[in-house]
Amino acid sequence: KQQEFLPVVADMWKRLKQTADEKGVKLLLELPKARIPLLNFDEEKISIVLMNLVDNGIKYTPPGGEVRVRVFKRQKEVVIEVRDTGIGIPPDQFNEVFTKFFRGANAQLAQTSGTGLGLYVCRNIVERHQGKISFESEEDKGSVFSFSLPIPAAEQPSQKK
């Protein structure tokens, strides 16, 4: 059903802010000034994606670093970007990131817990919502994970000629 997206972001913020604070990681949120159109999404499932990406950002960012969550509208989609200053992902592992049970070699060395299913689940949820998920990463500098959800035709400005 069509619904507001920002309450899901606010809920994630409330749930993960303390985790970030306890670790000494700054959790920042950038919301658009313009209204975000109503979107068709399963609140519980998209919440899983958001929580997972932000939690990963916090988990793999050393104390003193930051995780920045940005929500913005781009053409016919709403984009959610999670940028961290964490350990990054080795380039030779890029093609495995969204596969089942993937955990970067450096993530395993960081001794964080995890099953390696989070990003695999995220990709499946986003794709079922006709969205896209992608990432950029530089080892020892951080990663940017972003996903987009399509704006329903009814919420798009009409294309008058």
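**Strand pairing, helices and salt bridges in the predicted model**

In the hairpin formed by β4 and β5, two residues lie between the strands, and Gln75 takes a positive phi near 45°. Helices (H or I, at least four residues) and strands (E, at least two) are DSSP runs numbered from the N terminus. The structure is a predicted model, in which local features need pLDDT of at least 70 and side-chain atom pairs count only at pLDDT 80 or more, while totals for chains, interfaces and linings use all residues. Residues are numbered from 1 along each chain as its sequence is written, and side-chain values use heavy atoms, with hydrogens and water left out.

Strands β4 and β5 run antiparallel and are joined by eight bridges; two strands are taken to pair if DSSP finds at least two bridges between them. Within this pairing, Val69 has Val82 of β5 as its bridge partner. β5 also pairs with β7, again in the antiparallel sense, over seven bridges. Arg83 stands opposite Val144 of β7. Seven of the eight residues of β5 are buried, so the strand is largely enclosed by the rest of the structure. Buried here means under 20% relative accessible area, exposed means over 50%, and partly exposed lies in between (1.4 Å probe, protein chains only).

Helix α1 has 18 residues and reaches 25 Å from its first C-alpha to its last, close to the 26 Å expected at 1.5 Å a residue. The expected span of a helix is 1.5 Å times one less than its number of residues. α1 has a kink of about 40° centred on Leu16, where the bend at a residue is the angle between axes fitted to the seven residues ending there and the seven starting there. Leu16 is itself buried, as are Val8, Val9, Met12 and Ala20 of α1. The buried residues of α1 pack against β2, α2 and β4, contact being defined as heavy atoms within 4.5 Å. Gly24, with a positive phi near 80°, follows the helix.

Helix α2 (residues 43-59) has 17 residues, which should span 24 Å at 1.5 Å a residue; its end C-alpha atoms are 23 Å apart, which agrees. The N-terminal end of α2 is capped by Asp42, a side-chain oxygen of which lies 3.0 Å from the backbone nitrogen of Glu44. The buried residues of α2 include Ile46, Val49, Leu50, Leu53, Val54 and Ile58, and among them are also Ser47, Asn52 and Asn56. The buried residues of this helix pack against α1, β2, β4, β5, α4 (118-128) and β7.

Side chains of opposite charge can pair when their charged atoms come close. A search of the whole structure finds 11 salt bridges, each defined as a side-chain nitrogen of Lys or Arg within 4 Å of a carboxyl oxygen of Asp or Glu. In one of them, Lys17 pairs with Asp21, with the closest N and O atoms 2.8 Å apart. Because Lys17 and Asp21 are four residues apart in helix α1 (residues 6-23), about one helical turn separates them. Lys17 is partly exposed at 27% relative accessibility, and Asp21 is partly exposed at 44%.

A salt bridge also forms between Glu155 and Arg35, whose closest N and O atoms are 2.8 Å apart. Glu155 lies in the segment after β7 (142-150) and Arg35 in the loop between β2 (26-30) and β3 (39-40), so this pair ties together parts that are 120 residues apart in sequence. Glu155 is partly exposed, with a relative accessible area of 21%, whereas Arg35 counts as exposed at 53%.

Arg70 forms a salt bridge with Glu81, at 3.3 Å between the closest N and O atoms. This pair links distant parts of the chain, with Arg70 in strand β4 (residues 66-74) and Glu81 in strand β5, 11 residues apart. Arg70 is partly exposed at 28% relative accessible area, but Glu81 counts as buried at 12%.

Glu96 is found in the loop between β5 (77-84) and α3 (105-109). This residue is partly exposed, with a relative accessible area of 36%. Glu96 and Tyr120 are 24 residues apart in sequence, and their C-alpha atoms are 9.7 Å apart in space.

How values were computed. A polar contact is a pair of N or O atoms within 3.5 Å; within protein, one must be able to donate a hydrogen and the other to accept it, and residues adjacent in sequence count only if both atoms are side-chain atoms.
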